[in-house]
Amino acid sequence: MSGHSKWATTKHKKAALDAKRGKLFAKLIKNIEVAARTGGPDPDANPTLFDAIFKAKKNSVPNDNIERARKRGGGLEAGGADWQTIMYEGYAPGGVAVLIECLTDNRNRAASEVRVALTRNGGSLADPGSVSYMFNRKGVVIVPKQGGLDEDTVLMAVLEAGAEEVNDMGDSFEVVSEAGDLVPVRKALQEAGIDYDSAESSFLPTMSVPLDEEGAKKVFRLIEALEDSDDVQNVYANFDVSDAVLERLGAE
């Protein structure tokens, strides 16, 4: 289990500040718009859009906002932006590799904000290809622990659908598959009556850098600075932090 996954779970459990929630809503809406533009506005025929809408609803995004984004992206309503996906590569303190996925309508602004967030927090931009080889694109489904659900039950539900592993993340399970098997895995959970929080493609590290408390503080500070940018959709990093360190930092 990657430290970044555990850190994401820890953050997810914290009560979101209004400003942070506003940023999260904006990013989820952007995902819906892009998914609808790329694969069409019908979520039943567009699995990426289905998953984007599902995640937005799980995070309490109002239905009106979701519907408007779907229509804008699908060309059914005016006002859609020309969003572009850009991936930046960099290093955080301690030699931690970072992938920064941006969804922006202004490449220059995105590049500037990423560069500033990195350099101000002890990181640096890297050349394309110098970091990405340390990550694999995977399908990741997050299943909350509820109703006595255990790891074996989840595993049995998804094994034949192409799941590679099920990781215990404390309050939830992380189901990992090849990116191409994400939809069959998600459907297998639905057919088994197992609720899930999100299903999406993600970048998981193939190797990790262990961090102590001080190192973790620096890396988390950098990731939060990157995520504060409206253009940054996702940040992936190859650090590993023990549960004990996460608990100490979570108490601060």
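Analyst: The discussion below takes these topics in turn. This is a predicted model, in which local features need pLDDT of at least 70, side-chain atom pairs count only at pLDDT 80 or more, and totals for chains, interfaces and linings use all residues. Residues are numbered from 1 along each chain as its sequence is written, and side-chain values use heavy atoms, with hydrogens and water left out.

User: In what order do the 4 strands of the open sheet run?

Analyst: The order is β3-β1-β2-β9, with antiparallel pairing. Strands are DSSP runs of E with at least two residues, helices are runs of H or I with at least four, and both are numbered from the N terminus. Two strands pair if DSSP finds at least two bridges between them.

User: Which are the edge strands?

Analyst: They are β3 (124-125) and β9 (232-237), each of which pairs on one side only. Strand β9 is joined to β2 (residues 96-104) by 5 bridges in the antiparallel sense; in one of these strands, β9, Val-232 is the bridge partner of Cys-102.

User: Which helix packs on the sheet?

Analyst: Helix α8 (residues 213-227) does, touching β1 (84-92), β2 and β9. Contact means heavy atoms within 4.5 Å.

User: Switching to Ile-32: buried or exposed?

Analyst: Ile-32 counts as buried because its relative accessibility is 0%. The classes are buried under 20% relative accessible area, exposed over 50% and partly exposed in between, with a 1.4 Å probe and protein chains only. Ile-32 sits in helix α2 (residues 18-39).

User: What does Ile-32 touch?

Analyst: Not counting residues up to four places away in sequence, its contacts include Leu-49, Ile-53, Ile-66 and Arg-70. The C-alpha atoms of Ile-32 and Ile-66 are separated by 7.3 Å, although the two are 34 residues apart along the chain.

User: Which salt bridge does Arg-70 make?

Analyst: Arg-70 meets Glu-67 at 2.5 Å, N to O. A salt bridge is a side-chain nitrogen of Lys or Arg within 4 Å of a carboxyl oxygen of Asp or Glu. Both residues lie in helix α4 (residues 63-73), 3 residues apart, about one turn of the helix. Arg-70 is buried, with a relative accessible area of 15%, whereas Glu-67 is partly exposed at 33%.

User: How many salt bridges does the structure hold?

Analyst: It holds 13. One of the salt bridges links Lys-55 to Glu-200, with the closest N and O atoms 2.8 Å apart. Lys-55 is in helix α3 (residues 47-58) and Glu-200 in strand β7 (residues 198-205), so this pair ties together parts 145 residues apart in sequence.

Methods
Axes fitted to C-alpha atoms, helices over the stretch in contact; angles between N-to-C directions.
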